[in-house]
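Good morning, and thank you for the time.

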Amino acid sequence: MSLVTIPVAPGVSCIQETGVANFMRCNIWHVQGRDCDLVIDTGMGLNPLKQYIAQSTDKPLKAIATHSHFDHSGSLHEFDCRLGHKLEAEAFAAGGRDAVLFKGAWTEIDFICPQRHGDFDRQTYSITPAPLTGYIDEGDIIDLGDRAFQVLHLPGHSPGSIGLYDLKSATLFSGDAVYDGALLDSHPHSDKQIYRHTLERLQRLGAEVIHAGHSPSFGGEKLDEIINGYFSGQNIMPDVKEWFAEFQANENDPYANQNWPESGC
Ligand SMILES: [Zn+2]
Ligand SMILES: [Zn+2]
């Protein structure tokens with residue numbers, strides 16, 4: 001099994017697929033609740049995820065996709081309850097390589113370690129269709145019994161990107177709207193103008209803990225820094241292929257497990 005679990009906060013764990021290029025590795029969040037648990041994003045589908053999570057809970061699982069990109073929606077099909085934004089409903093339902101892998105463009109990059117995933121084939125890799133069983137949108141509340149999340153529509157990176165915000169603990173699950181790294185605003189369905197509004201909104205939100213779609217969690221000050229970096233043109237993902245070539249040249253092991261702070265965030 002190429003999955004690891006990182007305990008991050010009480011009732012919140014980050015699950016990661018291993019043997020994946022560091023910057024591509026999606027955070028799969030398992031949030032435990034009194035009445036049900038949430039699985040926020042599902043990785044690339046390299047491993048049976050539901051079975052893995054079932055080892056640590058007996059609660060019903062609601063899978064929520066922050067958006068349809070392949071690194072977040074790969075194992076969504078395994079879950080009976082699949083929630084996401086209706087603006088990306090067609091992509092979730094289609095799966096495959098066109099809509100969620102941008103006609104396979106991402107597979108031009110060696111984002112999977114060949115030694116660790118011997119049976120992975122970049123030419124045929126595709127996402128299993130996972131039609132949504134329900135839509136979530138701005139203002140909806142996801143209630144776990146002992147904690148509740150407000151759904152935020154955070155378009156820009158993709159049209160149907162959503163975040164989940166727990167106002168009581170000022171904790172945001174942000175998907176790819178923001179993470180601690182160079183932000184991506186150049187997908188065919190990205191919208192830079194709308195993304196700007198989303199990021200301005202996130203700066204005003206007052207979130208103190210951000211559990212993002214990639215990389216370790218961070219706090220409010222860092223959030224500001226990341227977004228201001230984007231606004232000043234410093235923190236934007238350049239050409240992905242070039243970036244990855246540079247990354248491979250500079251890292252001993254681009255697929256190494258990530259270092260998360262001991263105490264989480
Ligand atoms: Zn994305
Ligand atoms: Zn992503």
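This is a predicted model: local features need pLDDT of at least 70, side-chain atom pairs count only at pLDDT 80 or more; totals for chains, interfaces and linings use all residues.

The largest nonpolar core has 59 residues, and Ile40, Val178 and Ile210 touch the most other members. By nonpolar core I mean a set of buried Ala, Val, Leu, Ile, Met, Phe, Trp, Tyr and Cys residues joined through C-beta atoms within 7 Å. A residue is buried if 20 or more other C-beta atoms lie within 10 Å of its own, exposed if 12 or fewer, and partly exposed in between, with C-beta atoms placed from the backbone. In soluble globular proteins, nonpolar side chains tend to be buried together.

Residues are numbered from 1 along each chain as its sequence is written, while chains are lettered from A and ligands numbered from 1 in the order in which they are written.

Which residues does Ile40 touch, not counting those up to four places away in sequence? They are Trp29, Val31, Ile64, Thr66, Leu164 and Phe173, where contact requires C-beta atoms, placed from the backbone, within 7 Å.

Ile64 leads us to the strands. Strand 5 (residues 61–64) pairs with strand 6 (residues 82–84) in the parallel sense over two bridges, and Ile64 stands opposite Leu83. Strands here are DSSP runs of E with at least two residues, helices are runs of H or I with at least four, and both are numbered from the N terminus; two strands pair if DSSP finds at least two bridges between them. Seven strands form an open sheet of mixed pairing, in the order 1-2-3-4-5-6-7. Strand 1 (3–9) and strand 7 (134–135) each have a single partner strand, so one side of each lacks a neighbour in the sheet.

Next, the loops. Asp41 sits between strand 4 (37–40) and helix 1 (49–54); although not a glycine, Asp41 has a positive phi of about 70°. Is Asp41 buried or exposed? Asp41 is buried, because 26 other C-beta atoms lie within 10 Å. Ser215, in the loop between strand 12 (209–212) and strand 13 (218–219), also is not a glycine and has a positive phi of about 65°. Ser215 counts as partly exposed, with 15 C-beta neighbours inside 10 Å.

Key: Two residues are in contact if their C-beta atoms, placed from the backbone, lie within 7 Å.
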